[in-house]
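Colleague: Could we go through this structure together? I would like to know what stands behind each word you use.

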Amino acid sequence: MTTTEFIIDAITVLGTAAFALAAVLAALEKRVDIFSVTVLGVITAVGGGTIRDCILDVPVFWSEDISYITIACAASLLGFFFIRFIQLRKINTLYLYIDALAIAMFAIQGTDKAWALGFGLPVAPVILGIITAVGGGVVRDTLLQRPSLLLTKELYAIPVALGCLLYTAFLMFFEQYTQFGALISAGLVVYLRHLSIQKHIVVPSWAMINHRA
């Protein structure tokens with residue numbers, strides 16, 4: 001295994017766990033049991049990729065590598081029993097950055113998979129990249145009957161969309177530099193999420209349908 005493959009695998013594991021932990025944190029406002037938390041964790045972790053693969057009409061990724069489900073279950077259970085620890089400020093900030101890495105990588109991964117299959121070029125890969133990154137969270141929020149991050153002023157889906165667009169541009173015009181493009185695109189997503197986490201930068205009021213929100 002090369003260093004690059006190891007880093008990608010490590011981010012995949014951490015990202016899957018971060019998505020599952022997001023479900024635990026989201027479920028705090030609801031009175032849910034340990035089984036429900038685990039189900040929500042799995043849905044959040046693999047939901048986006050599952051929707052993507054169903055649209056692409058290919059085998060669902062976790063059916064070929066069950067470790068994604070295992071990681072999601074383990075992270076959900078750990079989150080359930082150590083929720084007070086996760087809520088500590090420094091730990092929560094670390095989680096947010098791991099989540100940023102996860103959505104960046106999964107967005108690029110989803111875009112690349114759709115592009116490699118020649119599916120709806122050039123628009124569909126961007127859409128499927130976004131779905132891969134945020135789809136699981138949307139399904140989770142729907143089940144919990146809570147507002148999705150897509151409906152708030154937080155910079156979450158917009159960084160993902162910009163990253164997918166940039167990576168698609170590399171695939172279209174600079175195919176020989178796609179690895180570099182993937183790094184730059186993922187870096188853009190993480191940087192914009194950093195601005196949201198540390199600087200509390202949000203979507204400007206003029207870009208929202210309700211300027212008074």
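Modeller: Gladly! A term to begin with: helices are DSSP runs of H or I with at least four residues, strands are runs of E with at least two, and both are numbered from the N terminus. This is a predicted model, in which local features need pLDDT of at least 70 and side-chain atom pairs count only at pLDDT 80 or more, while totals for chains, interfaces and linings use all residues. Residues are numbered from 1 along each chain as its sequence is written, and side-chain values use heavy atoms, with hydrogens and water left out.

Colleague: Where does Asp 57 lie, and how do you know whether Asp 57 is buried or exposed?

Modeller: Asp 57 is in the loop between α2 (34–56) and α3 (61–64). Buried means under 20% relative accessible area, exposed over 50%, and partly exposed in between (1.4 Å probe, protein chains only). Asp 57 has 70% relative accessibility, so Asp 57 counts as exposed. Asp 57 also has a positive phi of about 60 degrees, although it is not a glycine.

Colleague: Why is helix α6 called oblique to helix α8?

Modeller: The axes of α6 (residues 89–116) and α8 (residues 157–173) come within 9 Å and cross at roughly 40 degrees. Axes here are lines fitted to C-alpha atoms, for helices over the stretch in contact, and angles run from 0 to 180 degrees between N-to-C directions. Under 35 degrees is roughly parallel, over 145 roughly antiparallel, 65 to 115 roughly perpendicular, and the rest oblique. The angle of roughly 40 degrees therefore makes α6 oblique to α8.

Colleague: Which residues make that contact?

Modeller: Contact means heavy atoms within 4.5 Å. Among the residues involved are Ile 103, Thr 111 and Trp 115 of α6, and Val 160, Tyr 167 and Thr 168 of α8.

Colleague: What makes Thr 168 count as buried?

Modeller: Thr 168 has 4% relative accessibility, so it counts as buried. Leaving aside neighbours within four places in sequence, Thr 168 is in contact with Thr 111, Trp 115, Pro 122 and Val 126. Pro 122 sits in the loop between α6 and α7, and the peptide bond from Leu 121 to Pro 122 is cis, with omega near -5 degrees.

Colleague: How many aromatic pairs are there, and why is the pair of Phe 80 and Phe 81 called what it is?

Modeller: A search of the whole structure finds five. Rings of Phe, Tyr and Trp (its six-membered ring) pair if their centres lie within 6.5 Å; planes under 30 degrees apart count as stacked, over 60 as edge-to-face and the rest as tilted. Phe 80 and Phe 81 have ring centres 5.3 Å apart and planes at 90 degrees, so their pair is edge-to-face. Phe 170 and Phe 180 are also edge-to-face, at 6.2 Å centre to centre and 75 degrees between the planes.

Colleague: What parts does the pair of Phe 170 and Phe 180 tie together?

Modeller: Phe 170 lies in helix α8 and Phe 180 in helix α9 (residues 178–198), so the pair ties together parts that are 10 residues apart in sequence. Phe 170 is buried, with a relative accessible area of 12%, whereas Phe 180 is partly exposed at 49%.
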